[in-house]
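These are my notebook entries on a single chain. I record what I looked up, entry by entry.

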Amino acid sequence: MGSVTSPPAPSLNRTQRESDIWVGVLAVSTLVGTLAASCLMPFVALAVTAAATLPIRKAVMAVVVIWLANQVLGFTLLGFPLTPPTFASGVVLGLGSLTALAIARSVVGKGEVLVVTRLVSAFALAFLAYELLLFAFAYAGLAGSTDMFTPQIVAQVGVSDAIWLAVLTALRLGLSHAAPDQFGPVPAVRFAG
């Protein structure tokens, strides 16, 4: 009687390498996009994408490293003013990004299946939490100004982040399809579940 064997699980080194490569792609694409879009960094899209595609420790690392690189670019290349309010705003962006990541992870989970309705729900909740956190700090006079929270500006940021989420998700799916040895297998995609 023959035995049926399952394929071997990916080794930790392979999974680690796949995550590292994807973190690099996320970093390069979002930072180049930030420079092209005049500093409109898609922190929520990045957080949701990381939550859906990376182990939690890697997702946290990716968000923190990309946030830090964004701050370095801002204060060096883009000429952010070296003032306490600007530094405070940067810290709040980092806190908001980590909050968005935590919320997104709790909604989207991490698995072999990408559920579109969960991804969209995770984005909506993460964006709301991110914007509310930024607004609360601005309202308290601790970072930034509430002038940046008009419906038009928030909607513009939301649309930009939604487009970034779609692009980053498509990029991940495309890279997984084209190079599964570097980016892992293509996850199954379901509309709901």
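Entry 1, helix packing. Before reading any angle, I noted that axes are lines fitted to C-alpha atoms, for helices over the stretch in contact, with angles from 0 to 180 degrees between N-to-C directions. The model I am reading is a predicted one. I looked up the pair H2 and H4 and found that their axes come within 8 Å and cross at roughly 40 degrees. H2 is therefore oblique to H4, since angles under 35 degrees would count as roughly parallel and 65 to 115 as roughly perpendicular. I also recorded the hand of this crossing: H2 passes H4 in a right-handed sense.

I then turned to H2 (residues 43-53) against H5 (residues 116-139), where the axes come within 9 Å and the crossing angle is roughly 135 degrees. H2 and H5 are therefore oblique to each other, because only angles over 145 degrees count as roughly antiparallel. The crossing of H2 past H5 is right-handed.

The chain has 193 residues, and 39% of them are buried.

How many salt bridges does the count give? I found one salt bridge. The side chains of Asp20 and Lys58 form a salt bridge, with an N to O distance of 2.1 Å. The partners lie in distant parts of the chain, 38 residues apart, with Asp20 in helix H1 (residues 12-36) and Lys58 in helix H3. Asp20 has a relative accessible area of 38% and is partly exposed. Lys58 is at 12% relative accessibility and is therefore buried, because buried means under 20%.

Which helix gives the largest share of the patch? The largest share, three residues, comes from helix H3 (residues 56-76). Leu98 belongs to helix H4 (residues 84-108). Its relative accessible area is 32%, so Leu98 is partly exposed; residues in patches need over 30%.

- Val65 and Ala27 are 38 residues apart along the chain, and their C-alpha atoms are separated by 8.0 Å. Val65 sits in helix H3. At 43% relative accessibility, Val65 is partly exposed.
- Gly96 and Leu132 are 36 residues apart along the chain, with 8.9 Å between their C-alpha atoms. I located Gly96 in helix H4. Is Gly96 buried or exposed? I recorded 0% relative accessibility, so Gly96 counts as buried.
- Asp181 and Glu18 are 163 residues apart along the chain, and their C-alpha atoms are separated by 7.7 Å. Asp181 is part of helix H7 (residues 180-183). Its relative accessible area of 47% makes Asp181 partly exposed, because exposed means over 50%.

For helix H3, I have Lys58 in the salt bridge with Asp20, three residues of the nonpolar patch, and Val65 as a member. For helix H4, I have Leu98 and Gly96 as members, together with the right-handed crossing by H2.

Methods. Residues numbered from 1 in each chain as written. Predicted model: local features only at pLDDT ≥ 70, side-chain atom pairs only at ≥ 80, totals over all residues. Heavy atoms only, no water. Helix = DSSP H or I, 4+ residues; strand = E, 2+ residues; numbered from the N terminus. Buried < 20%, exposed > 50% of the residue type's maximum accessible area, 1.4 Å probe, protein only. Left-handed = near helix turned anticlockwise from the far one by under 90°. Salt bridge = Lys/Arg side-chain N within 4 Å of Asp/Glu carboxyl O.
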